[in-house]
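Trainee: I would like to learn how to read a structure like this one. Can we go through it feature by feature?

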Amino acid sequence: MRYLLLLLPILAGGCIAKTALNVVTMPVKVVGQGADWATTSQDESDRNYGRQMRKQEAREGKEAKQAAKQRRKDCEDAGYSHCD
């Protein structure tokens with residue numbers, strides 16, 4: 001039992017040191033995580049740009065189809081037989 005009491009401070013010292021290290025490094029980890037959340041990585045930026053461009057191209061394609069349809073309708077309404 002005496003030996004156990006003599007070894008207890010040595011064994012507990014590692015746990016205390018590890019806990020102290022965790023407490024000291026925690027603010028750095030929290031700030032780092034906050035910076036990660038606040039900034040956009042290059043991959044995220046590229047992905048967002050690609051998504052934006054696909055939406056824009058889809059919108060332009062839809063507008064072009066509607067314009068062509070309106071031109072054909074206007075041509076037919078004007079009485080032309082060959083509307084292109």
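Trainee: Which residue just after H2 takes a positive phi?
Mentor: Keep in mind that this is a predicted model. The residue is glycine 79, and its phi is about 95°.

Trainee: How far apart are the end C-alpha atoms of helix H2?
Mentor: Helix H2 covers residues 42-77, which is 36 residues. At 1.5 Å a residue it should span 52 Å, and its end C-alpha atoms are 52 Å apart, so the two values agree.

Trainee: How many helices and strands does the protein have?
Mentor: The secondary structure comes to 2 helices and 0 strands.

Trainee: Why might two side chains pair?
Mentor: When charged atoms come close, side chains of opposite charge can pair. In this protein the count comes to 1 salt bridge. Lysine 73 forms a salt bridge with aspartate 77, and their closest N and O atoms are 3.5 Å apart.

Trainee: Where do lysine 73 and aspartate 77 sit in helix H2 relative to each other?
Mentor: They are 4 residues apart in helix H2, so about one helical turn separates them.

Trainee: Is aspartate 77 buried or exposed?
Mentor: Aspartate 77 has a relative accessible area of 55%, so it is exposed. Exposed means over 50%. Lysine 73, at 46%, is partly exposed.

Trainee: Which residues form the positive surface patch?
Mentor: The patch is formed by Arg47, Arg51, Arg54, Lys55 and Arg59. Arginine 51, one of these, lies in helix H2. Its relative accessibility is 38%, so arginine 51 counts as partly exposed.

Trainee: What share of the residues of the protein count as buried?
Mentor: Of its 84 residues, 2% count as buried. The accessible surface comes to about 8000 Å², and 60% of that belongs to carbon and sulfur atoms.

Note on methods. Residues are numbered from 1 along each chain as its sequence is written. This is a predicted model: local features need pLDDT of at least 70, side-chain atom pairs count only at pLDDT 80 or more; totals for chains, interfaces and linings use all residues. Side-chain values use heavy atoms; hydrogens and water are left out. The expected span of a helix is 1.5 Å times one less than its number of residues. Patches are made of residues with over 30% relative accessible area and no salt bridge: like charges are joined within 9 Å, nonpolar side chains (Val, Leu, Ile, Met, Phe, Trp, Tyr) within 5 Å. Accessible areas come from the Shrake-Rupley method with a 1.4 Å probe; for residues, only the protein chains shown count as cover. A salt bridge is a side-chain nitrogen of Lys or Arg within 4 Å of a carboxyl oxygen of Asp or Glu. Lys and Arg count as positive and Asp and Glu as negative; His and the chain ends are not counted. The place of a charge is taken as NZ of Lys, CZ of Arg, CG of Asp or CD of Glu. Buried means under 20% relative accessible area, exposed over 50%, partly exposed in between (1.4 Å probe, protein chains only).
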